[in-house]
Amino acid sequence: MSTHIKLFDTTLRDGEQSPGAAMTVEQKVEMALALERLGVDHIESGFPISSQTQFEATRFIAETLKKSTVVALARLKESDIDSAYETLRTAKNRMLHVFIATSPIHREYKLQTSKEELIRNIADKLAYARKYFDRIEFSAEDASRTERSFLIDVIRTAIREGATTINIPDTVGYAVPWEFGDLIKFIRENVQEFEKKKVDLSVHCHNDLGLATSNSLTAIQNGATQVEVTMNGIGERAGNCSLEELVMTLKVRSDLFDYHTSIDSKLLYPTSKLLQYITGFLIAKNKPIFGDNVFSHESGIHQDGVLKNPATYEIMNPSDIGRSTETLIMGRHSGKHSFKSKLEQYAISLTEEQFENAFTKFMQVADTKNEVYDEDIFNIVASLLGSFPLGYRLSYFHVYTGNTLLPTATVRITNGGKEYVSAATGDGPIDALFQAIDSALGLSPILREYLVNAIASGKDAQGQVKVIIELDGEQFVGRGTSTDITEASALAYINAINRNLFRK
Ligand code: KIV
Ligand code: ZN
């Protein structure tokens, strides 16, 4: 019988550590619900001590989820463990995730600690954590670059002191498959407690060399019982092992792998789309599994083959991953019922109030565009979840531009009862607009990224603008959508400023 591999999803923790991928509390809760429906076993919802947003998001997710285990990250520190417990106390299923770096380079430069002190610290803090948690995952950060004999000492200590899962991260994405597989085999052979105490052996691979999925698959073949993944492979630097690649490899190559996950693969594509719209991280056309080109064929020979039998050039069906070949186009005559079933098709669950707001927005979009595509719907939901109840609102703007004019912009912004008006010139219309907003609000953020995308197709397609600004030493993402990209730019810029305001 095929063996079940547990999936530990860290989209909301490691994934959110991708620069610019920060999510609001509402966005994280919506994503957590989507991941739970998808079927992941564990959802790491954040690092509660690191910020108020992370704390609140973990607390809400813990209160909301019914099936998946909610996991909170903590350093080996009592204050971190307390904070994790505070957020998880109402969870139906909860687990603590503690980590400390074990490799020589981290011990010497980052922690400045000896092996003995590290072992003592692990024992002390796990004894403390055990008072609150009966399920604890222990991660030996940078395990793949740690001396093997010391790693075995660390693992034995952690299991003796109550860890129920041992996680082996390839933190810097340095390992290659046969080496990583050999490490997992070595650990299994040298720590009998995995068998005796039914402790899970987990892996957490980063993608710096593009090997995260291969390394995770090799780990499974050598005895790992859990894999840590993120949707769309987002995460620190080059990201983490991608959930969809791992799941679909096990499925498509079930002739080679006698392992399965509890993922409902038909929900993969909708879940990926939701994340893309929430974070603004749209994936490349050639990306495995979800890229636009994965099921399109350019060469005549390929097209001919696919028409005769799709299996000639396609190793999976679009429907296997929930990618419908037919898109129901909606318009202003589509009622609440069809809007609701569209959300259900994509496994999006909104509260009643959110649903009403989304439907109002949908009708506004349907009034400006004749045809509303699935992409527009994702965007409506994502922008709604990313909005802030309080903050600056764009009341109006004017931009004058041309190749013989100095671009000039005027803006009026409101916040509560206050209004802020200013005008400015710039190198181009968008620069003038951003300068006017800065001058009206008395702020001087640094613009780090500016990106425009067309949502769906057609001349009346909406433009989605994503900006990343740096303010008070931190980066904030902002998104705005409109059929007018100048307006979308102003909305995105103000959205990023509101995120900073919200943080304060
Ligand atoms: O990459 C890493 O080592 C981590 C740990 C916290 C598991 O993210
Ligand atoms: Zn990581």
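Two strands, β6 (136-141) and β7 (165-170), each supply at least two residues of the shell around ligand 1. Strands here are DSSP runs of E of at least two residues, and helices are runs of H or I of at least four, both numbered from the N terminus. This is a predicted model: local features need pLDDT of at least 70, side-chain atom pairs count only at pLDDT 80 or more, and totals for chains, interfaces and linings use all residues. Residues are numbered from 1 along each chain as its sequence is written, with chains lettered from A and ligands numbered from 1 in the order in which they are written.

Which residues surround ligand 1? They are Asp 14, Phe 99, Ser 139, Glu 141, Asn 167, Pro 169, Thr 171, His 204 and His 206. A residue is near a molecule if its C-beta atom, placed from the backbone, lies within 6 Å of it. By class, the shell has two nonpolar, five polar and two charged residues. Nonpolar means Ala, Val, Leu, Ile, Met, Phe, Trp, Tyr, Cys and Pro; charged means Asp, Glu, Lys and Arg; the others, Gly among them, are polar.

Next, the sheets. One is open, with three strands in the order β11-β12-β13 and antiparallel pairing. Pairing requires at least two DSSP bridges between two strands. At the edges are β11 (393-400) and β13 (418-425), each pairing on one side only. Neighbouring strands are turned by 10° against each other on average, direction ignored. Angles run from 0 to 180 degrees between N-to-C directions, with axes fitted to C-alpha atoms, for helices over the stretch in contact.

Helix α16 (residues 429-441) packs on this sheet, touching β11, β12 and β13, and makes about 40° with β12 in direction. Contact means C-beta atoms, placed from the backbone, within 7 Å. Helix α17 (residues 485-503) lies across β11 and β12, at about 135° to β11. Eight antiparallel bridges pair β12 (residues 408-415) with β13.

A further open sheet of three strands has the order β14-β15-β16, also paired antiparallel. Its edge strands are β14 (446-455) and β16 (474-482). The twist averages 15° from one strand to the next. Nine bridges join β15 (residues 462-471) to β16, and Leu 471 has Glu 474 as its bridge partner.

Last, the core. The largest nonpolar core has 132 residues, and Leu 96 and Leu 433 have the most contacts inside it. Helix α17 gives the most to this core, nine residues. Such a core is a set of buried Ala, Val, Leu, Ile, Met, Phe, Trp, Tyr and Cys residues joined through C-beta atoms within 7 Å; buried means 20 or more other C-beta atoms within 10 Å of the residue's own, placed from the backbone.

Conventions:
Contact = placed C-beta atoms within 7 Å. Buried ≥ 20, exposed ≤ 12 C-beta atoms within 10 Å, placed from the backbone.
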